[in-house]
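Please consult the sequence and the model shown below.

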Amino acid sequence: DLRVRGNAVINGAVYGGAENAQCYGVRTMIFTGGTVKGWVCAAANGTSNTNGDLTGTTYLYMGGNARVDSEGSHTVINRSVGGNVFAAGCGYQANNATSGLVRNGTNLVVADNTYIERGAYGGGSYGFSANTQTTNIFITGGHVAGQNGGVNGINWDASVQGGVYGGACQNVGGTINITMTGGLVEGGLYGGSNVTGTIGNNVTMKINGGQVGTEDKSANIHGGGYGQDTKVSQNVEITLGKTSARDAEGVLVYGDVYGGSALGSVNGTAATNTYHTYVTMNAGYIHGSLYGGALGNSTTAANVYG
């Protein structure tokens, strides 16, 4: 287990596994203070294509007054940039190689007054949770600022969108469960992966409180991922609010809510399948619009096949 608290300052990265070797067992990381100017991953760093996986499960708690904040740095550390939090390993490249893989599922909690500059992921930068396993993300507090910035290979890429993602930044995932009861998420809240990657099973999102976006910076909720190369293979279910009572509290969204992805696809690859996308709104306030479908543009069709 690993614990960071108090006024500790870490200029580089923090990872729960090895740099470039297979690891075993459960990895638990608890942050209740301190500042990390690089990135955090709960599993292995993974500095080669075929080594650096974890055979167990990860549990990553980001709470208290912890900060993961590069302060806008463009410096690439291995295969990611500072200001990101990953429940899987960092990883080496965007395919199914074992680097950064977590074989038995990942768990991430964002709570209290914690601050995450760029993104919070159920997977890794290029690492991922096995597509037969489950990722659980709980947002009960904190602030995910959603600043843009990531990597393309080993180079800084300003186009990588920040936010919260059930999958990885440029890789696959399995079953995704996201529960939000508090906190502030900027950049957007996505059930799928970022840039590229297929979620092999279902996405379930229960958004019962907190805030997505701000008056000055709108952000969306999507059942799928962000990017035309992202996909959710099976069902998507989004529920906003626990109860339909008139005075029930719910999420505040300064943006839109979509059952589908942003530029990618959900419910597999064919309109003849039996998968579905459900969006249920019981409580909450959306300053934008509510869509059962997805967000495309003039050149990219974002398909919902269920």
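What percentage of the residues in the chain is buried? Buried residues, meaning those under 20% relative accessible area with a 1.4 Å probe and protein chains only, make up 54% of the 306 residues. The model is predicted: local features need pLDDT of at least 70, side-chain atom pairs count only at pLDDT 80 or more, and totals for chains, interfaces and linings use all residues. Residues are numbered from 1 along each chain as its sequence is written, and side-chain values use heavy atoms, with hydrogens and water left out.

**Overall architecture**

- The chain has 34 strands and 0 helices, where strands are DSSP runs of E of at least two residues and helices are runs of H or I of at least four, numbered from the N terminus.
- The radius of gyration, taken over C-alpha atoms, is 17 Å, close to the 19 Å that the globule rule gives for 306 residues, so the chain is as compact as a globular protein of that length. That rule is 2.2 Å times the number of residues to the power 0.38.
- Contacts are heavy atoms within 4.5 Å; of those with a separation of 6 or more, 83% join residues 24 or more positions apart.

**Nonpolar cores**

- A nonpolar core is a set of buried Ala, Val, Leu, Ile, Met, Phe, Trp, Tyr and Cys residues joined through side-chain atoms within 4.5 Å.
- The largest such core has 42 residues, and F31, V40, L60, L108, L189 and I221 have the most contacts inside it.
- Among the strands that give two or more residues to this core are β4 (27-31), β7 (58-62) and β12 (106-110).
- Leaving aside neighbours within four places in sequence, L108 is in contact with residues including L60, M62, V85 and F138.
- Another core, of 10 residues, lies apart from the largest one and includes C41, F86, C90 and Y121.

**Cavity**

- The structure holds 1 cavity of 30 Å³ or more, a cavity being a set of points on a 1 Å grid over the protein atoms alone where a 1.4 Å probe fits but cannot get out.
- About 40 Å³ of space lies in the largest cavity; a volume is the space filled by probe spheres set on the points, which are joined across faces, edges and corners.
- Residues lining the largest cavity, with an atom within 4 Å of a point, include S80, F86, Y121 and C169.

Terms used:
Buried < 20%, exposed > 50% of the residue type's maximum accessible area, 1.4 Å probe, protein only. 1 Å grid on protein atoms, 1.4 Å probe; cavity = no way out; pocket = protein on both sides within 12 Å on 5 of 7 lines; lining within 4 Å.
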